[in-house]
Amino acid sequence: MTSARRLRPVALAISLGVAACGTATGPDEPAPAADGVRLGGTITVFAAASLTDVVAELAAVLAERHPGVTVRPSFGASSSLREQILAGAPADVFAAADAADVDAVVDAGAARTPVPFASNHLEIVVPAGNAAGVDGLTDFGDDALVLGVCAAEVPCGRLAQAAFAHAGVSARPDTEEPDARALLAKVASGELDAGLVYRTDVLAGGADVAGIALPPGAAATTTYPAVVLDRSRQRDVAEAFVALLVSDEGRAVLARAGFGPP
Amino acid sequence: MTGPAPVRPPAVLVPLALVAVTFVVLPFVALLQRTPWSDLADLLRRPIVTDALELSLVSALAATALSLVFGVPLAWVLARSQLPGRSALRALVLLPMVLPPVVGGASLLLAFGRRGLVGAPLHEATGLLLPFSLWGVIVANTFVALPFLVLTVEAGLRAADRRFEDAAATLGAGPWTTFRRVTLPLVAPSLLAGAVVCWARALGEFGATVTFAGNLQGRTQTMPLAVFLALESDRDAAVALSLVLIAVSLAVLVPLRDRWLGT
């Protein structure tokens, strides 16, 4: 190879590098946030499984308003997330499906003031078509039906036990699922005749399931609190996320998913 | 006859082996340190512990038995037969080892659930329902544990000296007699090792069980399921359950001697 030909790839590389450097200087600055503060950084949000779609949507809204902000959600049963936080997990925000789990975190000194941002209530969920003809809580005492509830260790299960106790029903479930979405999936596929999940889960189940409302006063409502954890290294971003949850916009997203006001 | 003469280990292997041992043993040590020894006796008497232990032992044993009955013939086919497509068959059989157990459980539902490919007609015809029953637990355990047995026994069969089987045939033994009285004893160490690994895998199974059989104390809640749920509500019970599971496993695995497993 002649020396000129040998140099050509080098020349190409240098010119590409210069061109890249050239475009890197002077990008358009992103517009500052409405309040003039530009936030940046990554936060980890531990949220109850029922908040999956809501948190994903609000994370996108926050990232759009503040480019440079990334929200990394981690979903699970609130009790499981609580245990992870108590064991030192690096979360910035904790949004739980009931007050007990957030209170436990506050009592352990890991956070201070919880903020209620939504409510949810239980509904009976049946596969589309309701082949088994389920119509109320009393059907959960029927041995002939294949029924499921959430395990008593998770908020959805605790709420179910309260609802059964209130209605005086001696429930005979065939399975106690570790989380509401797993229960929903089994009802949606027709493996279970009915289950007790949150209203928001029923909506998330779409056309595969139908919901049967419980009578009012059935002791089946829960309030969702959110709290910023003291260990957060991006406190301002975390607080912005919680503020978004309680804002009108957050309220609208929550309402679309089936949540009620706090 | 004594074993082979002891070999001095290459120097670099010893510290690496020490790291491996520490890595495996350390969580167990941490568990022992966290155990509520004074409450242990009470915790172990609780129905949630005794129910889960009984279910775990019964289902693991049943899964091992099923794996032996159906897995050994499969291992023989993979090792000895001239069937075309054996490699593809082996890959399929080993699939449950690679799949995340929850995926395995979901697939089992699609096959044997009430609306499943086989489960639906089965339910229509006989009213039999595998999910949410002990048999569902056994099916889930067998599904994940069978490949371990097949793999081990196939390796044993491949390594076995076929001249003994040829000699038996020459002496007039039929295929079944040869299999029963020559082949099986010849691969006994692999059978035992395979059965043990299969049993251990079945005992620790969680994902496929909870997805296919569900979770109900006294009916389908095995030890791993009980531990998982107890972790969120009662740490002490979770630690006690874990301790029992480890103790039971050690009780079976420790007495296994090198020579039984075939060195």
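Two strands count as paired if DSSP finds at least two bridges between them. Keep that in mind for the strands of chain A. One caution before we look: this is a predicted model.

Let's start with β1 of chain A. This strand spans residues 41-48. Seven of its eight residues are buried, so β1(A) is mostly covered. What does β1(A) pair with? One partner is β3(A), residues 93-95. Three bridges join the two, and they run parallel. Within that pairing, Val45(A) stands opposite Val93(A).

Another partner is β2(A), residues 69-76. Here there are eight bridges, again with parallel strands. For a landmark, take Ala48(A): its bridge partner in β2(A) is Gly76(A).

Now step just past the end of the strand. Ala49(A) sits in the loop between β1 and α2 of chain A. Is Ala49(A) buried or exposed? The cut-off for buried is under 20% relative accessible area. Ala49(A) comes in at 16% relative accessibility, so it counts as buried. One distance to go with that residue: Ala49(A) and Gly206(A) lie 157 residues apart in sequence. In space, their C-alpha atoms are 17 Å apart.

Next, β5 of chain A, residues 147-150. In a regular strand, side chains alternate between the two faces of the sheet. See how β5(A) is arranged. Leu147(A) and Val149(A) point one way. Gly148(A) and Cys150(A) point the other way. All of these residues are buried.

Which strands does β5(A) pair with? β6(A), residues 175-177, is joined in the parallel sense over three bridges. In that pairing, Cys150(A) stands opposite Glu177(A). β7(A), residues 194-198, also runs parallel to β5(A), with two bridges between them. There, Leu147(A) faces Ala194(A) across the pairing.

β5(A), helix α5(A) and β6(A) make it up, and it is right-handed. Helix α5(A) covers residues 155-167.

On to a helix of chain A: α9(A), residues 248-257. Gly250(A), Val253(A), Leu254(A) and Ala257(A) are buried in it. Why do we put those four on the same side of α9(A)? They cover an arc of only 100° around the axis. Asp248(A) and Arg256(A) are on the other side of the helix, and both are exposed.

Now switch to chain B. How many helices and strands does chain B have? The count is 14 helices and zero strands. The C-alpha atoms fill a box of roughly 65 × 60 × 30 Å along the principal axes. Chain B has 263 residues, and 39% of them are buried.

Last stop, the surface of chain B. A nonpolar patch of about 600 Å² is made by Val21(B), Phe23(B), Val24(B), Val25(B), Leu26(B) and Val29(B). Look at Val29(B) in particular. Its place is in helix α1(B), residues 13-34.

Technical notes: Residues are numbered from 1 along each chain as its sequence is written. Chains are lettered from A and ligands numbered from 1 in the order in which they are written. This is a predicted model: local features need pLDDT of at least 70, side-chain atom pairs count only at pLDDT 80 or more; totals for chains, interfaces and linings use all residues. Side-chain values use heavy atoms; hydrogens and water are left out. Buried means under 20% relative accessible area, exposed over 50%, partly exposed in between (1.4 Å probe, protein chains only). A crossover is right-handed if, with the strands pointing away from the viewer, the path from the first strand over the helix to the second runs clockwise. Patches are made of residues with over 30% relative accessible area and no salt bridge: like charges are joined within 9 Å, nonpolar side chains (Val, Leu, Ile, Met, Phe, Trp, Tyr) within 5 Å. Accessible areas come from the Shrake-Rupley method with a 1.4 Å probe; for residues, only the protein chains shown count as cover. A salt bridge is a side-chain nitrogen of Lys or Arg within 4 Å of a carboxyl oxygen of Asp or Glu. The arc is that of the directions from the helix axis to the C-beta atoms.
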